[in-house]
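Biologist: Could you walk me through this model? I'd like to know how each label gets decided.

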Amino acid sequence: MCKVAELRVVCLPASTGLVVRSTCVTTITPPGTSQHFNHSNHPSSVWWNIGVQLKPYSKRVWCIVCVLQPKPENAITVAVSSRVLFNMDTEQQISQQKGMEAYLKYQMEHEVEPFVPGPAFPFVKALEAVNTQLRVLYPGSEELFDVVLMTNNHATVGIRLINSINHHKLSVERFCMTGGNSPIGYLKAYHTNLYLSANSTKVIEALEEGIAAATIFRPEKAVEVSETQLRVAFDGDAVLFSDESERIFKTQEKLFNNKFKNESFLLSFLNRFLESLGKLQKKFYAKDQRMECPIRTYLVTARSAASSGTRALKTLRSWGLETDEALFLAGAPKGPMLAKIKPHIFFDDQMFHIEGAAELGTVAAHVPYGIAKTLSPKQAKDTKQSTSFTK
């Protein structure tokens with residue numbers, strides 16, 4: 001006999017066992033004992049049977065559970081393609097070289113083998129970590145991140161995708177599998193706030209629909225990122241701000257510095273995602289959790305603080321937006337600074353900065369918007385997947 005945690009049921013995503021620690025011990029149970037909970041008639045939640053393996057930890061309370069997903073209109077919905085959530089290079093090669101039937105056959109033959117994590121996997125895990133802490137502070141709130149797997153895969157591949165989601169213990173409940181058709185038309189129906197894909201064509205289509213979107217590139221080396229704090233870095237022009245200032249700056253730099261330096265930038269699509277992050281941050285601040293907030297945002301711009309700093313920061317403030325840190329690099333490369341920050345994702349509109357970040361291990365997301373949206377030949381080749389079923 002030994003002391004173990006007392007078990008109680010709290011609200012977490014459906015079919016997920018999640019641990020929250022507290023400070024009392026009242027139950028004495030032999031190690032290895034399993035207990036099962038069935039609260040299927042609970043009036044406000046959808047419950048599943050959860051097998052809980054008790055282990056001999058002392059002075060801890062383990063809270064395990066499940067609840068309804070938040071309503072899409074209340075959640076911050078992030079749609080990710082299967083190829084950025086998981087590494088599907090082998091499958092992608094089969095689909096390109098041998099066609100769809102060979103691809104589907106391979107997937108069915110390997111459906112019990114989980115995919116390994118892809119470039120957006122740590123980002124999704126970080127979103128879930130924020131949700132965990134929000135549920136502790138606001139048990140009834142629906143202002144949470146909701147991840148949707150948005151893919152043009154055939155539904156047959158869904159079995160392997162679901163197996164992979166469960167294997168990695170991800171809280172992804174919403175799937176959209178379009179069987180080779182473009183998934184872009186479904187983004188608004190899912191109330192999507194941000195769409196991440198490996199396919200630049202689909203990203204451009206999403207932007208044309210008015211949805212914040214970016215093309216994810218895999219870093220050239222693996223770098224460990226925080227498992228408890230979501231870190232998101234943004235460029236300024238054509239990412240948080242519209243490319244109006246970028247166009248003026250590139251064509252009439254002297255005019256820009258003299259006439260526009262005190263005016264507000266126009267905001268771009270990604271500012272809406274930053275606004276969502278800010279709203280969640282304020283929920284932690286309201287509970288006196290500013291220093292422990294699990295969300296941290298960064299403005300990382302090649303502009304100088306002298307010419308653009310005041311304008312950028314005043315623009316964000318005037319719109320009720322803010323970043324925790326602002327780095328004005330005055331033309332210096334961003335890669336080394338990002339390697340220090342270790343963000344889960346970095347948004348930029350220029351491939352020079354995307355490639356520099358990826359070389360040093362940062363997951364970089366290209367926003368193909370505005371005057372600097374053109375991909376380099378190498379990156380255009382990497383994202384051209386017109387016949388692939390692994391988008």
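Biologist: How many salt bridges does a search of the whole structure find?

Modeller: The search turns up nine. Keep in mind that this is a predicted model.

Biologist: What makes Arg-160 and Glu-91 a salt bridge?

Modeller: Their closest N and O atoms are 2.9 Å apart. The cut-off is within 4 Å, so the pair counts. Arg-160 belongs to helix 5 (residues 158–167) and Glu-91 to helix 2 (residues 89–98), so this bridge ties together parts 69 residues apart in sequence.

Biologist: Why are Arg-160 and Glu-91 called buried?

Modeller: Buried means under 20% relative accessible area. Arg-160 comes out at 4%, so it counts as buried. Glu-91 also has 4%, so it gets the label too.

Biologist: What else does the charged end of Arg-160 do?

Modeller: That end sits over the ring of Phe-115, 3.9 Å from the ring's centre.

Biologist: Okay, what about Glu-109 and Lys-105: why are they called partly exposed?

Modeller: Partly exposed is the range between the buried cut-off, under 20%, and the exposed one, over 50%. Glu-109 has 48%, so it falls in between. Lys-105 is at 48%, so it does too. These two form a salt bridge, with the closest N and O atoms 2.4 Å apart. They are four residues apart in helix 3 (residues 100–109), which means about one helical turn separates them.

Biologist: How do you know that Arg-174 and Asp-146 form a salt bridge?

Modeller: Their closest N and O atoms lie 2.5 Å apart, and the rule asks for within 4 Å, so they qualify. Arg-174 is in strand 11 (residues 174–177) and Asp-146 in strand 10 (residues 145–151), so the bridge ties together parts 28 residues apart in sequence. Arg-174 is partly exposed at 21%, whereas Asp-146 is buried at 1%.

Biologist: And the rings? How many aromatic pairs are there?

Modeller: Two. One of them is Phe-234 with Phe-347.

Biologist: Why is the pair of Phe-234 and Phe-347 called stacked?

Modeller: The centres are 5.5 Å apart, and the limit is within 6.5 Å, so the rings pair. The planes are 15° apart, and under 30 degrees counts as stacked, so that's the label. Phe-234 sits in strand 14 (residues 230–234) and Phe-347 in strand 17 (residues 345–348), 113 residues apart.

Biologist: What makes Thr-362 buried?

Modeller: Its relative accessibility is 3%, and the cut-off is under 20%, so Thr-362 is buried. Thr-362 lies in the loop between helix 12 (351–359) and strand 18 (364–366).

Conventions. Residues numbered from 1 in each chain as written. Predicted model: local features only at pLDDT ≥ 70, side-chain atom pairs only at ≥ 80, totals over all residues. Heavy atoms only, no water. Helix = DSSP H or I, 4+ residues; strand = E, 2+ residues; numbered from the N terminus. Buried < 20%, exposed > 50% of the residue type's maximum accessible area, 1.4 Å probe, protein only. Phe/Tyr/Trp six-rings, centres within 6.5 Å; stacked < 30°, edge-to-face > 60°. Lys NZ or Arg CZ within 6 Å of the ring centre and 35° of its normal. Salt bridge = Lys/Arg side-chain N within 4 Å of Asp/Glu carboxyl O.
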